[in-house]
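User: Could you zoom in on one part of this model and talk me through it like I'm new to this? I'd like to know what sits around it.

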Amino acid sequence: MTNTKMTDSVATDFSIWAKEKQDHIEIVLDEALPSQTTAPAILHEAMRYSLLGGGKRVRALLCYAAAELCATNTTITDAAACAVEMIHAYSLVHDDMPCMDNDDLRRGKPSCHKQYDDATALLVGDALQSLAFDLLSTPTLCENANQQISMLNILAKASGSLGMAGGQAIDLASIGKALTQSELETMHKLKTGALIQAAALLGASSGTAEKMSAVIVYAEHIGLAFQVVDDILDVEADTSTLGKTAGKDADSSKPTYVTILGLDHAKQLADQLYETAISALIPFGEDAKRLRELAGFILQRSF
């Protein structure tokens with residue numbers, strides 16, 4: 001995975017932009033969450049523990065990058081980025097629980113159920129999911145009601161049994177089983193790709209049909225690339241760098257792109273997916289530069 005290397009000046013410019021957006025979404029998320037002194041205090045404290053102060057915020061960055069392409073209103077984009085990050089955080093809290101992936105570490109600190117308890121972790125996920133839809137359904141968010149309903153529909157589909165939750169169900173059912181590459185791709189299009197695609201589509205919600213179509217192609221391929229890179233990092237990176245337990249997939253006998261294709265072919269697949277993603281953006285020139293740069297970041301990340 002070497003063909004996406006940015007020049008130093010481009011990488012610096014992107015890093016500055018990404019840091020600004022990451023800092024901004026942290027503030028927006030903090031303001032959107034109930035105070036930890038508001039009853040029930042422990043639940044709100046645990047929600048803040050699980051959502052704030054960690055993570056790459058890739059989904060929020062995708063939302064902001066697509067919004068730049070499509071000139072989406074900042075208030076709408078903030079709400080969308082918030083909602084996607086809340087859905088993502090809820091999924092991580094639930095995934096880490098003993099009945100699911102059973103992981104004690106998340107974003108470099110104890111998982112929610114380890115820091116608190118299983119019941120609190122379950123409620124944290126439920127509450128974050130509800131809050132995501134609360135934010136996105138705020139009556140004054142969009143002047144165009146059809147746009148807002150469409151955004152709610154995008155997030156709901158990406159989160160449910162035909163999206164992220166369904167992908168997790170397939171993942172749990174596949175432990176110890178041999179999957180084909182096609183079956184693995186189907187699982188990850190749901191488990192990881194659906195929410196990544198939703199993040200980009202929500203950011204692009206004000207765009208033309210042509211731009212929305214391009215974003216769909218981009219997000220579908222970069223979402224799969226994200227998962228391929230995750231599988232590679234599970235083999236090549238260490239726990240302190242990842243912020244979660246390295247080698248967990250292999251220890252759990254989970255099928256991955258590395259176990260099915262081998263490390264070199266998995267890297268080649270990630271490159272191919274990246275090339276297809278950015279090819280969809282060619283007609284839009286500089287307007288799509290953040291989406292292109294973000295694709296490079298996703299492929300070259302070390303955590």
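Analyst: Asp171 touches Met187, Lys191 and Lys254, leaving out residues up to four places away in sequence; a contact here means heavy atoms within 4.5 Å. You'll find Asp171 in helix H8, residues 164-173 (helices are DSSP runs of H or I with at least four residues, numbered from the N terminus). Its relative accessibility is 3%, so Asp171 counts as buried; the cut-offs are under 20% for buried, over 50% for exposed and partly exposed in between, with a 1.4 Å probe and protein chains only.

Keep in mind that this is a predicted model, where local features need pLDDT of at least 70 and side-chain atom pairs need 80 or more, while totals for chains, interfaces and linings use all residues. Residues are numbered from 1 along each chain as its sequence is written, and side-chain values use heavy atoms, without hydrogens or water.

Look for Arg301 in the segment after helix H15, which covers residues 289-300. What does Arg301 touch, once you set aside its neighbours within four places in sequence? Its contacts are Lys56, Phe226, Val229, Asp230 and Leu233.

Arg301 lies over the face of the Phe226 ring, 4.0 Å from the ring centre. To count as over a ring, NZ of Lys or CZ of Arg must be within 6 Å of the ring centre and within 35 degrees of the ring normal.

Now hop from Arg301 to Tyr218. These two are 83 residues apart in sequence, and their C-alpha atoms are 18 Å apart in space. Tyr218 takes us to the largest nonpolar core, which has 94 residues. Such a core is a set of buried Ala, Val, Leu, Ile, Met, Phe, Trp, Tyr and Cys residues joined through side-chain atoms within 4.5 Å. The residues with the most contacts inside this core are Tyr218, Leu128, Leu136, Leu155 and Leu202.

Take Leu136 as an example. Not counting residues up to four places away in sequence, Leu136 touches Ala79, Ala80 and Ala83, along with Leu141, Gln148, Met151, Leu152, Leu155 and Leu202. Two of those partners, Leu155 and Leu202, are also on the list of residues with the most contacts inside the core. In soluble globular proteins, nonpolar side chains tend to be buried together.

Definitions and conventions. Helices (H or I, at least four residues) and strands (E, at least two) are DSSP runs, numbered from the N terminus.
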